[in-house]
Amino acid sequence: VDGMKEHRGEPWKMRDTLREAMDREDLTEEQKRQIGTNMREVWRSMLRERVDEYNEAPEEEKAAVLDRQIDEIQKFREGMEKRGAERKKEGEQGREEREQLWRQTMRSQSKEDRKERSESRNPDEMARTMSYLGTMWARMAERGIKPPEGGPGRGGRGFFGGP
């Protein structure tokens, strides 16, 4: 988790770190699942920080906080698109398989893990997060920016528009 948090300012590096770990053949499936769990925790903590920053800002500063956060998300998205285009140009071998493995690892939690995570969620925190995401995505739409697919609570593609 700490290793992934080192790249908070450059989330694409966090994703690269995850991808490299998933490509390692010396790790067991359980170790790869743990890496996925760690990555989810890092993303959740980043989201919590954003929600707190927005909610704790004075009312007259909330829009500026939201706009700055949206600009950071856009920078991340652009970086990911650029990196994807570079990889495509390089004709990266096996990219599809690695992407599939990454998605599978991020989703591959046991039924017990999913149940425990669901039951241990703080309902107030979830409500704050969903309210924040709705507000942020509405602001994105006002600015002519396409929000992540699906929207809050509707199976969207994640906070930054990723898987």
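This is a predicted model: local features need pLDDT of at least 70, side-chain atom pairs count only at pLDDT 80 or more; totals for chains, interfaces and linings use all residues.
Trainee: What percentage of the residues count as buried?

Mentor: The chain has 163 residues, and 35% of them count as buried.

Trainee: How many helices and strands does the chain have?

Mentor: Seven helices and zero strands. Read from the N terminus, the order is α-α-α-α-α-α-α.

Trainee: What percentage of the contacts between residues at least 6 apart join residues at least 24 apart?

Mentor: For the chain that figure is 66%.

Trainee: Switching to the nonpolar cores. How many residues are in the largest one?

Mentor: The largest nonpolar core has 14 residues. Those with the most contacts inside it are Leu-66, Ile-70, Tyr-132, Leu-133, Met-136 and Met-140.

Trainee: Which helices each supply at least two residues of this core?

Mentor: H3, H4 and H7 each do. H7 gives the most, with five residues.

Trainee: I clicked on Thr-129. Where is Thr-129 found, and is Thr-129 buried or exposed?

Mentor: Thr-129 is found in helix H7. Its relative accessible area is 10%, so Thr-129 is buried.

Trainee: Which residues is Thr-129 in contact with, leaving aside neighbours within four places in sequence?

Mentor: Leu-47 and Val-51.

Trainee: Now the charges. How many salt bridges does a search of the whole structure find?

Mentor: The search finds 12. The general point is that side chains of opposite charge can pair when their charged atoms come close.

Trainee: How far apart are the closest N and O atoms of Arg-139 and Asp-67?

Mentor: They are 2.8 Å apart, and the two residues form a salt bridge. Arg-139 lies in helix H7 (residues 123-142) and Asp-67 in helix H4 (residues 62-90), so the pair ties together parts that are 72 residues apart in sequence.

Trainee: Are these two residues buried or partly exposed?

Mentor: One of each. Arg-139 counts as partly exposed at 23% relative accessibility. Asp-67 is at 18% and counts as buried, because the cut-off for buried is under 20%.

Trainee: Which residues are linked with Arg-139 in a network of salt bridges?

Mentor: Asp-67, Asp-71, Glu-142 and Arg-143 are linked with Arg-139 in that network.

Trainee: And what do Arg-68 and Glu-72 do?

Mentor: Their side chains meet in a salt bridge, 3.0 Å from N to O. Both lie in helix H4, four residues apart, which is about one turn of the helix. Arg-68 is partly exposed at 34% relative accessibility, and Glu-72 is partly exposed with a relative accessible area of 34%.

Trainee: Last one. What is the closest N and O distance for Glu-41 and Arg-44?

Mentor: It is 3.7 Å, and the pair forms a salt bridge. Glu-41 and Arg-44 are three residues apart in helix H3 (residues 29-56), so about one helical turn separates them. Glu-41 is partly exposed at 29%, and Arg-44 is partly exposed at 32%.

Definitions and conventions: Residues are numbered from 1 along each chain as its sequence is written. Side-chain values use heavy atoms; hydrogens and water are left out. Buried means under 20% relative accessible area, exposed over 50%, partly exposed in between (1.4 Å probe, protein chains only). Contact means heavy atoms within 4.5 Å. A salt bridge is a side-chain nitrogen of Lys or Arg within 4 Å of a carboxyl oxygen of Asp or Glu. A nonpolar core is a set of buried Ala, Val, Leu, Ile, Met, Phe, Trp, Tyr and Cys residues joined through side-chain atoms within 4.5 Å.
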